[in-house]
Structures are given as structure tokens and as C-alpha cells.
Amino acid sequence: MGKQRVSYFYHPTCPLFYYGPSHPMKPHRLKLAHHLILAYHLYPKMDCYRCHPASASEMAAFHSEEYVNFLAKISPDNLRQYSGVLQKFNAGDTTDCPVFDGLYEFTQLYTGASIDGAIQLNQQQADICINWSGGLHHAKKSEASGFCYINDIVLAILELLKVHARVLYIDIDVHHGDGVEEAFYTTDRVMTFSLHKYGDFFPGTGHLQDMGAREGVGYSVNAPLQTGITDETYLEELFIPVMDKIIEVFNPGAIVLQCGADSLTGDRLGCFNLTTKGHAQAVRHVQSYNRPTLVLGGGGYTIRNVARCWAYETAVLLGEDIDNQIPFNDYYEYYAPDYELHLKPDPNMENANDSLGNIRTELLQQLCDLQGAPSVQMQEVPPPFRTVDDEEGSETTAVSKKQSSAELYDNVD
Ligand code: V1D
Ligand code: CA
């Protein structure tokens, strides 16, 4: 496989938003990751862009107008006037989704970057697009959920579907990718594959038997896992065999990979025992299929490890070897005491996954059953027709600004 062209989307304002002092979601982690990427000299090896802010009408391709208007208007200063709708839209201090200063602008930036990435893939300007600020997989059509407000993933997949007959979504965040699954539950044009902790864990969905409905039966793939899963079990017993079968039977034209880093060992909210190398091996394996791929962030609450993970995965996607010693950068002290890139598994954590063979067998059977279904067109089919409306819509409005190397040096924030 030759080197793939990688585009990287980063907006310097995105890390500045603040969910609040006791909230585990810290957009500041994006700045740590970006500074590691700069310090490892990865930026000259990719095309770097500042995204456009997504507009309300772009968001309304999936979300209800009423919900988008609410997000655009709500602020910490006018919260009291909105007490009724706050509950309806699951936002505010009593929920996981606080209303903080600049909330709407934050959603515009992380969403704009995912849409820009999808457009670049559609136009074959890049083979891989990276947006570590995206991947907010819990947001619903008219509801915030689990720290997520706008579902940038659903919007990016809708963009990819303008060109590709089938899109595969993969979710390695420790939480179930419920918002994306729900959005495409009844279609055979999007397959969703989520691996997640299941049982007494947010959001509570993602049972092995949840396979899709109507046209979409068999196209939702769920791997419910238990605490303490290790690299070897995750990859060899489940991720690789199931992924290989998905590619064989579904043959997607494009892939969206959500790389939530809360599946790493030592995460503040997560409970898996994956290392940076194991997490990145999943990314490398997806890359080996050589399809246009949008790579997104997601959860991740031990922020020094999130930065380690996403910087390393950027290097992996670029085909670059990087040193285990963290290079000096503005946030060097975060990486004390070892100042190393890679995480070691926790030797004291028990791996409670003893029936992965059964889960693997059931999922492989679910995928085999798709091969037998007479109505399914798995061969390469021409992409659906693009309408004039499509051409006039997102493609002309969504423009990301390419960053020169000099700008990146001068303005690393
Ligand atoms: F610990 C907290 C402190 C303050 C505010 C929220 C939390 C917290 C931790 N875990 N909230 C959660 C999860 N919510 C519940 C609630 C109890 N029920 C009423 C709901 O257990 C939400 C976890 C969200 C995970 C988000 C994500 O990592 O999947 C993500 N992916 O992309 C972006 C975020
Ligand atoms: Ca997941």
C-alpha cells in the first residue's frame, strides 16, 4: 500500500470552550494533542486546514430546526427563560450536557471540520481526513446526550452518502455509538459497528441482538464487552475477524472511524485496559483496507492519555515512526513522571471478558446472513445521482482554509 494523502482539520478556538469545573469533558485536550502533533513534526507531512463553522441549515440535514435554533439561542445568561425547553432538549446543569459560553460556536467548529473532511474525501482531495474535535456520537435528532449536542458523525455520513453507495461507521469509544446507530437503524446503506462496555454503563444500548430494523436488519453490529479488556483480546478475538468479515460482505465505499480514547487503560470514565499501541492497531487495521476514511475523536477523559493516543494515531495514519520519548512542548509537564508516549496495561486489572468467542461467532453469523439475502446489492454500484441542490448546498458553502507551514509555526494555538 502506497502512502495515503492525509488532511488534518484543527481550529484554534475549539480547545478554548469549557464545560465547567466538575465536568469530565475537557476540550483543552485538543490543544494538548495538537501541540504533541506539532512537536513530533507531523504537520508538514499532511495538509492542514482550519474548518468552516457549520451553518444551522447544514446541521438541519439531520437535526430538527427547533433544536438547532434552541442551541443557537441558548446561553448561560438567558437559561432561566428556557427552563421548559431545556428539559425537552436534555440540556442544562442537571444533565450531562451543560449550557456553557459559546456552546453553539463550539458545535459549529467540531461539526464544520467533520463535514469538510467528508467533502474532501468525496472530491478525492485526500485519502484520510482527521478531525480530533469531532466524533460526538450520542447526539440525537432533537436532543443532546452524553456531552454531545450536534451529531457531526451523522452529518458527515450523510455527506459521504451523496457519493458513496455504502458507508461503514466504526466506533471504538468505550461507550455505545447510539446516536449514529439510531440515525441509520433502518437503512442498508450505512453499517454501524460499535464495540463498547455493556451493562450498568452509559448509554445502556448496544445489545448483541440489536441488529437494525426493516431494510437495515443486520446492518447494526454491536460488540458488548466487559471491563478490563486487553489489546490482544480486543483485536485478535473480535475487532480484526469481525472487521475483515464486514469489509468482505459490505464492501463500503467510505469509512468513518470514531476513535474515542476513553477505551484506553486509566481513563477517568472508561473501564477497558487498552494501550495506545492496541488502540492504534485498530486504526492501522482500518487504514489497511485502503478506502477513503474520515478519522474522528470522541470521548477521552484522562487528557494526557488522549493527547498521547491521538498524536500517535496521527503518526500511524501518516506511516511515520515516532519516538517513545515525548518531545519538549508547551504541555511537557502533563506527561510526567515518565514523559513517554506509550501506555502500559494495568497488570492489576482483571479482564472480565470470558465469552468473546460466542460474541464473535454470533456477529460473524449475522454478517454471513447478509451475504445470503437476495435483495442486497453488495457489488460496486454507481453512486447515487447528485442533484443540483446538492451541488449548490454544502459544497459551495463549506470551505475550509488551508494552513501554510509558516502559519502553523507562528500560530500554534
Ligand atoms: F462524571 C460526571 C461528572 C459530571 C458530569 C457528568 C459526569 C458523567 C460521567 N458519566 N456522566 C456520565 C454519563 N452519564 C450518565 C448519566 C446518568 N444518567 C442520568 C446519565 O451515566 C455520560 C457519559 C458520556 C460519554 C460520552 C462519550 O465518551 O461517549 C463521548 N463520545 O464523544 C464525545 C463524548
Ligand atoms: Ca463504541
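In sequence, the donor residues of the calcium ion (ligand 2) follow the spacing D-x1-D-x1-H-x18-S-L. His175 sits in the loop between β4 and α7, while Leu195 belongs to strand β5 (residues 190-197), so this pair ties together parts that are 20 residues apart in sequence. Helices (H or I, at least four residues) and strands (E, at least two) are DSSP runs, numbered from the N terminus.

This is a predicted model, in which local features need pLDDT of at least 70, side-chain atom pairs count only at pLDDT 80 or more, and totals for chains, interfaces and linings use all residues. Residues are numbered from 1 along each chain as its sequence is written, chains are lettered from A and ligands numbered from 1 in the order in which they are written, and side-chain values use heavy atoms, with hydrogens and water left out.

Which atoms hold the calcium ion (ligand 2) as protein donors? They are Asp171 (O), Asp171 (OD), Asp173 (O), His175 (O), Ser194 (OG) and Leu195 (O), lying 2.4 to 3.0 Å from the ion. Donors are N, O and S atoms within 2.8 Å of the metal (3.2 Å for Na, K and Ca); water is not among the atoms, so sites may look incomplete. The 6 donor atoms subtend angles of 70 to 165°, which makes the arrangement irregular.

Now turn to the record. UniProt, in an unreviewed entry, lists Asp173, His175 and Asp262 under "binding site". They span 90 residues in sequence, yet no two of their C-alpha atoms are more than 8.2 Å apart, so they gather at one spot. Such annotations may be inferred rather than shown by experiment.

Is His175 buried or exposed? At 8% relative accessibility, His175 counts as buried. Buried means under 20% relative accessible area, exposed over 50%, and partly exposed in between (1.4 Å probe, protein chains only). Not counting residues up to four places away in sequence, His175 touches residues including His137, Ser194, Phe201 and Asp262. Contact here means heavy atoms within 4.5 Å.

Asp262 is found in the loop between β7 (254-258) and α9 (276-287). At 0% relative accessibility, Asp262 is buried. Its side chain reaches the backbone nitrogen of Val174 at 3.0 Å.

Finally, look at the nonpolar core (a set of buried Ala, Val, Leu, Ile, Met, Phe, Trp, Tyr and Cys residues joined through side-chain atoms within 4.5 Å). The largest has 137 residues, and Tyr234 is one of those with the most contacts inside it. In soluble globular proteins, nonpolar side chains tend to be buried together.

Conventions:
A polar contact is a pair of N or O atoms within 3.5 Å; within protein, one must be able to donate a hydrogen and the other to accept it, and residues adjacent in sequence count only if both atoms are side-chain atoms. Four donors count as tetrahedral if all angles lie between 85 and 135 degrees; four count as square planar and six as octahedral if opposite donors are over 155 degrees apart and all others between 65 and 115; anything else is irregular.
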